[in-house]
Amino acid sequence: MADDAQVLAARPASKAVKFGEGFVMDAWYVAALSPDLKPGKMESREYLGQPVMIGRTKAGAVYALRDVCPHRAAKLSAGKVREEPPNGEYGGGESVECPYHGWRFRTDGACAKIPSLTADNPLDITKVRVRTYPLVEAQGLVWIWMSADPRFEGQPPFPPPTIPGVVGGKPKLVDHLDYDIHIDHAVLGLIDPAHGPYVHQQWWWRTGASQHEKKKAFAPSEAGFTMVRHEPSKNSKAYAILGGEPLTEITFRLPGLRWEHVKVGERQVLALSAMTPINAGKTRMNQIIWSDHPAFTALYPVIRLAARAFLRQDGRIVEAQTRGLRDNPPLMWMGDADQQGRWYHQLKREWNASRHERRPFRNPVEETTLRWRT
C-alpha cells in the first residue's frame, strides 16, 4: 500500500463504529465492468449512498459525476449527452445537459453552459462545478475512488488493485446479485468458511454429510489477508473438472474483494467476488471468473448454471438474515471459523482510523494457522 501519510496534521481521534455501520472510505470499489459503459452513453448509479452518474465518452474515456445538478438538484443522468463545438469557448468535448434548465457540465465537472445568462453577464461559469469521482479502467473492470472528503480532486494516492490471474481474454462468467444487507454482513458471508455444508449442498460441490477438519495457513497481504496456496479440499468436487493437481490461493482485500486464484500446471482460473455498497442497506455482489482452462469452453453451460446457483444460495441466506439484522444486534464470534470475520472488522477499523489520523495503515493480521470443521 502506498504511503499516503504525508498530509498535514492529524485530526482528532475518530469515534469507533459498530459492525454493520459506516463504509471503508478513501478506497477503490468496483463500479462496473468495462462492457457496461457504452461510448457516448451515461447511466445513473448509487455507490455508498451517493448518487453518481457514470459514463464513457465517444473517445472511450470513462468519467463519473455526482448525479445532482447544483442549480435545482435535478438528476443529470435524466438529461442528455451533448457535443461542445470544437472551436468554442470551452474547447469541444462532451458535456452532460441537465434536463431542468439546460445547464451543461463537462466530464471534468466544470460548467460549460448556463443558457439563461445573457451574453454580457460577467460570471465565469467554469467556477460552477459538480463533484467528480476518479475512475480507472483496468483488467476489464471500472474502479471508482470513494473519498471521505467531498472536495477531493486530483489523483488518489494509490491505484486500484491488480488482480493476479486475469487470463484468457474476456471473463468467462459474469454475474451479480443485490443483497438487502450492509456490506459488513455481506463480507462475512464472503469469507466465512463454515457455511458450505448447509448453504451449498450440491452433488458437484459437497453434501451436508461431507464434513472434515480443515487446517489452513494464513498470512497478511496488502490491506487484507491470504490463505496461502494449497491443495483444494478433497470434498469439494468442483475442482475435479480441472484435472491435474490444482493449487489454490484465496485472498481478501479491503474494502470487499475476495479472489481465488487456481493454478493447474500452466492453466489458471481466477474467481473474483467484489462487494460494492449501494447504500447502508443494500450491497451489490459482482462475481467474475477468468480462465484459460479448456474446461470453461467445453463445460460452459454447466459451469454457468452452477455458478449462478451458488451465488443465489448465498442470496437466500441473506434474505433469512435481513429481519434479524435490522437492529444491528451484537454478533457472536466462535473459534477459528470466525477469525476471518474478526480480521475484517479489525482491518476496517484500522483503515478508517489511519485515514482519520493521517498516518500509514498498519495491517493487524499476523501469520497463523486456523483450524475449523466444515
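The sulfur of Cys69 has its closest cysteine sulfur in Cys98, at 3.8 Å, which is too far for a bond. The model is a predicted one, and the cut-off applied to it for a disulfide is 2.5 Å between the sulfur atoms. A disulfide is a covalent bond between the sulfur atoms of two cysteines. Cys69 counts as buried, at 2% relative accessibility. Cys111 is in no disulfide either: the nearest cysteine sulfur belongs to Cys69 and is 7.9 Å away. Cys111 is also buried, and its relative accessible area is 0%. By this rule the structure has 0 disulfides.

Four strands form an open sheet in the order 5-6-7-8, and their pairing is antiparallel. Strand 5 (80-84) and strand 8 (111-113) are the edge strands, each pairing on one side only. From one strand to the next the twist averages 40°. Strand 5 pairs with strand 6 (residues 93-97) over 5 bridges, in the antiparallel sense. Lys80 has its bridge partner in strand 6, namely Glu97.

Now to the helices. Ile303 belongs to helix 4 and counts as buried, with 12% relative accessibility. Leu173 is 130 residues from Ile303 along the chain, yet the C-alpha atoms of the two are separated by 8.6 Å.

Arg342 is located in helix 5 and, at 21% relative accessibility, counts as partly exposed. After helix 5 comes Arg358, which has a positive phi near 55°.

The aromatic residues remain. The structure holds 14 aromatic pairs. A pair of aromatic rings is described by the distance of the centres and the angle of the planes. For Phe19 and Trp333 the ring centres are 5.7 Å apart and the planes stand at 80°, so this pair is edge-to-face. The cut-offs behind that assignment are centres within 6.5 Å and planes over 60 degrees apart. Phe19 lies in the segment before strand 1 (27-33), while Trp333 lies in the loop between helix 4 (300-325) and helix 5 (339-356), so the pair ties together parts that are 314 residues apart in sequence.

Are the two members of this pair buried or exposed? Phe19 counts as buried, at 9% relative accessibility, whereas Trp333 is partly exposed, with a relative accessible area of 28%. Both residues belong to a cluster linked by ring pairs, which also takes in Phe218, Phe225, Phe252, Trp343, Tyr344 and Trp372.

How values were computed. Residues numbered from 1 in each chain as written. Predicted model: local features only at pLDDT ≥ 70, side-chain atom pairs only at ≥ 80, totals over all residues. Heavy atoms only, no water. Phe/Tyr/Trp six-rings, centres within 6.5 Å; stacked < 30°, edge-to-face > 60°. Helix = DSSP H or I, 4+ residues; strand = E, 2+ residues; numbered from the N terminus. Buried < 20%, exposed > 50% of the residue type's maximum accessible area, 1.4 Å probe, protein only. Pairing = 2+ DSSP bridges. Axes fitted to C-alpha atoms, helices over the stretch in contact; angles between N-to-C directions.
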